[in-house]
Structures are given as C-alpha cells and as structure tokens.
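Look at the sequence and the 3D structure below.

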Amino acid sequence: MVVIMKQGFTHKQLEDAVRAMEAGGVKVMISKGSETTILGAEGNAANLNQELLAQLPGVERVMRVSEPYKKANRKYHPDDSVVDIGGGVCIGGKKLAVIAGPCSVESEEQITDVAEAVKSAGARALRGGAYKPRTSPYAFQGMGVDGIHLLEKARAATGLPMVTELMSPDQLPMFEDTVDVIQIGARNMQNFDLLKKVGRYHKPVLLKRGLSNTIEEWLMSAEYIMSEGNPNVILCERGIRTFETYTRNTLDLSAVLAVKRQSHLPVVVDPSHACGKAWMVERMALAAVAAGADGLLIEVHNDPAHALCDGAQSITPDQFTALMDKLRVLAPAVGREL
Ligand code: PEP
Ligand code: MN
C-alpha cells in the first residue's frame, strides 16, 4: 500500500501519517519525488485501514499495490532513479550511458587497447569479464583475480569505471574493494543467496535478465538486492530464449518499455548477447535507444576472430566508433544526450 501526500503537506501531517501506518505493523519507506511525496508500506499491509489513512489531513489518496515488488516499484518511487557508478558517470536520466569492452579480459594489452579505443569513441564505462560463466567446463573460464587487476590498470589509464561479473559470494569483498559495478549475469539472476549478499554491499549492481525469466521475476530479483539495503540497481535486457534459433536470443525491446513503466530503475540493453551476431549489433543498439533504454552494454574486441569468448558477436573499435556517431545523431531525436 502507498499513501500519497497532498501538495503543501506539513511536517506534522507527514509524521502523523507515518505513525498511523506504523501502528498498523508496517515499516514506512518515504520517497520524496519532484512532485509528490509517497509513503510506502514495507511488510504485511493487511492490517492497514485504507479508509482511515485516506481521511488523515495532508493525505491525497491511498492505493493498494498489487505487484509483489515494492522498492523496485514505480508506485513507491515515481521519479526515475539515477545510479552513480563513480568517475563522474551516472546511469539513468537524460544522458545515455554506453558501456563497452570485450566479453573477457584476455591480456593487459588487449584490455587497455580496447579501453582506450572505446573511451575515445565516447563510451562512459568499460566492461570485461574476469570470471566467466561458460556452458562448457573446458572453455576459457576467465583470468580471475588477474583479470580484475588488469581492469584496474585499464581504469587507471582511461578513467573509465569498470563493470565485471561476479559469480560467487567468495569474491564479494574483493569486488567491493576494486570493482565499480558488479554484474550479475543472466545465469545467476535467480541465485537468491548471491542477490541477498550483493544487496548487503553498496556497489551498484547491473542485473541481467535471466535467459527464460519474466519481467516480474526480473523485478523480484532486483527486489532481493534492494530489500537488503542496496538501492543501486541497473537492469539489463540481454535477450531471452524463444523458439527462434537464427539469433542467439530474442531481444525483448518491449521489456524496456514495460520495465520503465513498472519500475523507476534505469535499464540498459545488451544487443551483443541478444543477437549473437556482430552485424546486428549497431541496428539493435539504435533500436534500443529509440525504445527508451538508458544505456547500452556492447561487446567490443580488437581482434574478434581470435577472441577467447563471444567473438562472433563482438564488434571492432572502428565499428563501435561508427555506432557512436549514429547514436549521437539519434539521441536528441528521442530526448537524450550522448
Ligand atoms: C556477459 O556479459 O559476457 C555474459 C556472460 O552475459 P549474460 O549473463 O547476459 O549471458
Ligand atoms: Mn559475452
């Protein structure tokens, strides 16, 4: 349940409304937006008396919220959330955030070259996996902690904050000390124990949509992180499994609109994993921005043919630069800046 305060409510009216809700056995989450202030009930709202609350002075109206997610719900927080990832970069709001880099960190030269190339094309953050969730145990599993140190070097050289995937809670203290954005991969979207643990840290979390998960399940996973105290969640649509096999996954662009309606959290789109084909990335990236995405996550490799992971969907730095040039033209047409 949410209680929406009237314009010009007094401090005492707010306190009285909070107290009345607490007396009904819930915790109250106060969200002060640009236009409205909302009191959200956390916990079991069954004992709250909707009619009585609606009659309190200063209260505009009271709404029952049917969705199971609360902190991620736009009804509890009408304004768009903006997540500060450090290095002067925010995700959400008018400015688009393009995150680019290789699927995996492979060597110092590779990650630093790609970081410098994507930075000069206008990327605002660097991606690169050090711990890789591979289907085959015989495939390259990532450089592990050495990869994290190479990302730190690339960050020092370029100033780009880094986004990298966390696979196990054992890595969390090290990630808290070194990484700027913790990526939770599609395969771990419903690893609830991992989500809860990440929620107890303060680092921004990029939460990818699971391979076969609904929008509501995705938002419930965001809720797991937020309910532990970490509000800094960025959602990432990366394609879902359908019957179609031409593409690696099916990019669900309508999910961007759905999620932005249901939730205040920023949403970025990963066309690389969605399509699995480098030649599709540019068009799908433009389409994602036209659909309202707050940013993009794009795989860029300096030698895709020899990439240790996901070469087929990786674009080159030159192709990335061409994409950014097109985005610069598109962005203002859809009310954005690059
Ligand atoms: C990745 O970003 O390299 C990755 C493994 O993505 P996903 O979890 O979306 O498959
Ligand atoms: Mn990849």
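How do the residues of the shell around ligand 1 divide into nonpolar, polar and charged? In this predicted model, 7 of the shell residues are charged, 3 are polar and 3 are nonpolar. There are 13 residues around ligand 1, and those that come nearest are R127, A186, R187, K208 and R238.

Some of the contacts can be followed atom by atom. The side chain of K132 places a polar atom 2.9 Å from an oxygen atom of ligand 1. In Q183, an N or O atom of the side chain is likewise 2.9 Å from an oxygen atom of the ligand. With A186 the backbone takes part: one of its polar atoms lies 2.8 Å from an oxygen atom of ligand 1. Taken alone, the ligand exposes 300 Å², and the protein buries 97% of that area.

Now turn to the cysteines. A disulfide is a covalent bond between the sulfur atoms of two cysteines. How many disulfides does the structure hold? The number is 0.

Two cysteines can be checked in turn. For C275, the closest cysteine sulfur belongs to C236 and is 13 Å away, which is too far for a bond. C275 counts as buried, because its relative accessibility is 3%. C309 is in no disulfide either, and its nearest cysteine sulfur, that of C103, is 3.2 Å away. Is C309 buried or exposed? At 5% relative accessibility, C309 counts as buried.

Key. Residues are numbered from 1 along each chain as its sequence is written. Chains are lettered from A and ligands numbered from 1 in the order in which they are written. This is a predicted model: local features need pLDDT of at least 70, side-chain atom pairs count only at pLDDT 80 or more; totals for chains, interfaces and linings use all residues. Side-chain values use heavy atoms; hydrogens and water are left out. A residue is near a molecule or strand if one of its heavy atoms lies within 4 Å of it. A polar contact is a pair of N or O atoms within 3.5 Å; within protein, one must be able to donate a hydrogen and the other to accept it, and residues adjacent in sequence count only if both atoms are side-chain atoms. Accessible areas come from the Shrake-Rupley method with a 1.4 Å probe; for residues, only the protein chains shown count as cover. Ala, Val, Leu, Ile, Met, Phe, Trp, Tyr, Cys and Pro count as nonpolar, Asp, Glu, Lys and Arg as charged, and the others, Gly among them, as polar. A disulfide is a pair of cysteine sulfur atoms within 2.5 Å. Buried means under 20% relative accessible area, exposed over 50%, partly exposed in between (1.4 Å probe, protein chains only).
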